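Here is a short briefing for a first look at this structure. Keep the sequence and the 3D view open while reading.

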Amino acid sequence: MKWKKEIERKAKIIGDISTSVPRIYLNFLLKGIAPLPASVLKIALQEGTANLQKKAIGDFLVRFFSSSGPVLTKIGQILATRDDLVSAEVAGRLKALYRDNAPMPLANIRKILSTIEQSDSLLESIERAPIGVGSIGQVHRAKLGNEEVIVKMVRPGVLKSVRRDFVALKGLLSVLRKIYKKRDVEFSIAEKSIESLERSFILECDLTNEAKNMEEFRVRFKKNTSIYIPKLYMQYSTSDLLVMEEIKGVPLDEYVGKSDSSVVAEKYLRELLTQIFDEGFFHGDPHMGNVIVLKDGRLGLIDLGLVGEFESNERKYIAGAIKAFISRDVDGVISSFLNFGHKPKNWDYEGFKRDIISIVKTSKAEITNGITGKSGDESGLEEFVNGLFKIAYKHGLYLPHSTVLLIKTMVTIEGVARTLDSEINLVKVALPVVLRSMTPKWLRFFSAK
Ligand SMILES: Nc1ncnc2c1ncn2[C@@H]1O[C@H](COP(=O)(O)OP(=O)(O)O)[C@@H](O)[C@H]1O
Ligand SMILES: [Mg+2]
């Protein structure tokens with residue numbers, strides 16, 4: 001029976017590849033290659049010939065990705081943030097993938113809203129132009145009676161096409177891996193990244209996950225006076241639809257360069273780290289667009305489709321690693337990182353240690369300067385963490401998804417805090433939060449008095 005299942009599984013992969021790949025290949029030719037000459041001419045006329053080739057490649061990728069479904073659009077969006085992989089010019093062009101998504105037709109919106117009862121008020125008041133269009137859905141303003149609300153929808157049927165594209169993508173990757181045997185480490189990283197992307201994608205396609213997370217956040221942070229979660233209209237919440245209170249305020253990215261940006265940076269850093277270390281329940285994608293500062297100074301958190309969760313002993317253990325990191329204890333960093341993953345059978349400890357020491361040594365000065373606010377170098381921690389990931393995969397160290405999400409989130413938090421205030425002292429703000437999470441709760445009760 002086992003072989004029968006295996007054959008069925010393989011047949012499904014081949015089926016998915018053969019439906020996804022020709023479509024993608026056709027897009028490659030029709031949407032990507034065919035308009036290339038006209039596009040090159042247009043860039044040359046409008047922007048001159050400097051970096052013409054890279055700009056043309058960037059625009060070609062934008063056309064190709066945006067016409068090839070949500071999964072490839074997302075991959076293009078990720079590449080847009082990776083100057084190191086695709087060069088700054090190409091990445092700059094790829095940023096268009098964040099802006100130029102086509103909204104879904106009105107008929108689809110009607111269809112989604114028609115599944116709920118008493119949708120008339122929403123249907124009548126919904127603003128035609130979306131305030132945001134993402135790769136899987138979009139967000140509109142509307143009214144429920146006198147209340148101003150936000151309506152978030154995902155495209156009907158998106159989950160099915162997302163699943164199919166991931167099966168095809170992973171199938172293709174395993175074929176390529178067999179051809180390019182020498183690139184094993186790169187393929188391991190690509191496979192892991194795609195798996196982690198798939199996980200978050202599938203969660204985000206079903207808006208009941210976001211609704212559930214919002215409710216849980218509300219309950220857990222009820223006493224917290226610094227953060228705010230929008231009220232959810234539960235009766236209108238389905239897998240394709242969320243209706244919530246509109247948060248009135250200033251998005252975090254508008255604080256960059258303002259005089260009070262360092263106050264907001266510190267609050268953001270403290271609150272987001274508190275979620276991780278005190279509560280063990282945190283926003284999994286806290287970039288600037290997902291935080292709105294209310295008039296009274298509270299941080300409004302939106303887009304809670306992805307959250308991370310940790311048990312208390314795991315938290316203590318991670319806090320130990322951070323403490324080693326921010327107190328510049330290089331050996332501590334090495335030994336903590338070793339414990340994060342599951343070691344493979346034929347484990348080459350010495351080789352691993354050598355690799356770690358070499359990257360810790362090269363980036364140590366940069367990082368310590370960065371975290372204590374001595375230099376404005378924005379990529380210290382991120383570069384270091386990417387280097388660690390690479391070494392982990394090279395040595396077959398398996399990192400659980402929850403750890404990967406945590407590390408990514410902390411890199412995001414650090415990046416946002418430092419964009420708001422390049423001189424922020426991460427140690428000063430982070431250390432008390434981290435140390436507090438290592439102290440038993442009852443002791444904290446006395447020491448806080
Ligand atoms: N409750 C809300 N109040 C105010 N603006 C919101 C709210 N929810 C979403 N938005 C606006 O819509 C945009 C997209 O919503 P978001 O939930 O972040 O979706 P996506 O998953 O596409 O990023 C946000 O960046 C924000 O500008
Ligand atoms: Mg968002």
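A crossing of two helices is left-handed if the near helix is turned anticlockwise from the far one by less than a right angle, and right-handed if clockwise. This is a predicted model: local features need pLDDT of at least 70, side-chain atom pairs count only at pLDDT 80 or more, and totals for chains, interfaces and linings use all residues. Residues are numbered from 1 along each chain as its sequence is written, while chains are lettered from A and ligands numbered from 1 in the order in which they are written. Helices (H or I, at least four residues) and strands (E, at least two) are DSSP runs, numbered from the N terminus.

**A helix pair**

- Two packed helices are described by the angle between their axes and the distance between the axes.
- Axes here are lines fitted to C-alpha atoms, for helices over the stretch in contact, and angles run from 0 to 180 degrees between N-to-C directions.
- Helix 13 (residues 261-279) and helix 18 (residues 401-420) have axes that come within 8 Å and cross at roughly 165°.
- Helix 13 is therefore roughly antiparallel to helix 18.
- The angle classes are these: under 35 degrees is roughly parallel, over 145 roughly antiparallel, 65 to 115 roughly perpendicular, and the rest oblique.
- The crossing of helix 13 and helix 18 is left-handed.

**The antiparallel sheet**

- Two strands pair if DSSP finds at least two bridges between them.
- An open sheet of 4 strands runs in the order 1-2-3-5, with antiparallel pairing.
- Strand 1 (132-133) and strand 5 stand at the edges with a single partner strand each, so one side of each has no neighbour in the sheet.
- Strand 1 pairs with strand 2 in the antiparallel sense over 2 bridges. Val-133 has Gln-138 in strand 2 as its bridge partner.
- Strand 1 and strand 2 form a hairpin, with 3 residues between them.
- Strand 2 (residues 137-144) and strand 3 are antiparallel and joined by 8 bridges. On strand 3, Val-154 is the bridge partner of Gly-137, and Lys-152 is that of Val-139.
- Strand 2 and strand 3 also form a hairpin, with 2 residues between them. Gly-145 in that turn has a positive phi of about 65°.
- Strand 3 (residues 147-154) and strand 5 run antiparallel, joined by 5 bridges. Val-151 stands opposite Val-243 in strand 5, and Ile-150 has Met-244 in strand 5 as its bridge partner.

**Burial**

- A residue is buried if 20 or more other C-beta atoms lie within 10 Å of its own, exposed if 12 or fewer, and partly exposed in between; C-beta atoms are placed from the backbone.
- Strand 5 (residues 241-245) is mostly covered, with 4 of its 5 residues buried.
- Ala-142 sits in strand 2. Ala-142 counts as partly exposed because it has 19 C-beta neighbours inside 10 Å.
- Ala-142 and Met-244 are 102 residues apart in sequence, yet 9.9 Å apart in space, C-alpha to C-alpha.
- Gly-15 belongs to helix 1 (residues 2-33). Gly-15 has 14 other C-beta atoms within 10 Å, so it is partly exposed.
- Gly-15 and Arg-164 lie 149 residues apart in sequence and 9.3 Å apart in space, C-alpha to C-alpha.

- Another open sheet of 4 strands has the order 4-9-8-6 and mixed pairing.
- Its edge strands are strand 4 (227-228) and strand 6 (249-251), each pairing on one side only.
- Strand 8 (residues 291-294) and strand 9 (residues 299-301) pair in the antiparallel sense over 3 bridges. Leu-299 in strand 9 is the bridge partner of Val-293.

- Asp-303 lies in the loop between strand 9 and strand 10 (307-309).
- Asp-303 counts as buried because it has 21 C-beta neighbours inside 10 Å.
- Most residues other than glycine have a negative phi. Asp-303 has a positive phi, near 60°.
- Ligand 1 is surrounded by 15 residues; the closest are Gly-132, Gly-134, Val-139, Ile-247 and Asp-303. A residue is near a molecule or strand if its C-beta atom, placed from the backbone, lies within 6 Å of it.
- The shell around ligand 1 has 8 nonpolar, 4 polar and 3 charged residues. Ala, Val, Leu, Ile, Met, Phe, Trp, Tyr, Cys and Pro count as nonpolar, Asp, Glu, Lys and Arg as charged, and the others, Gly among them, as polar.
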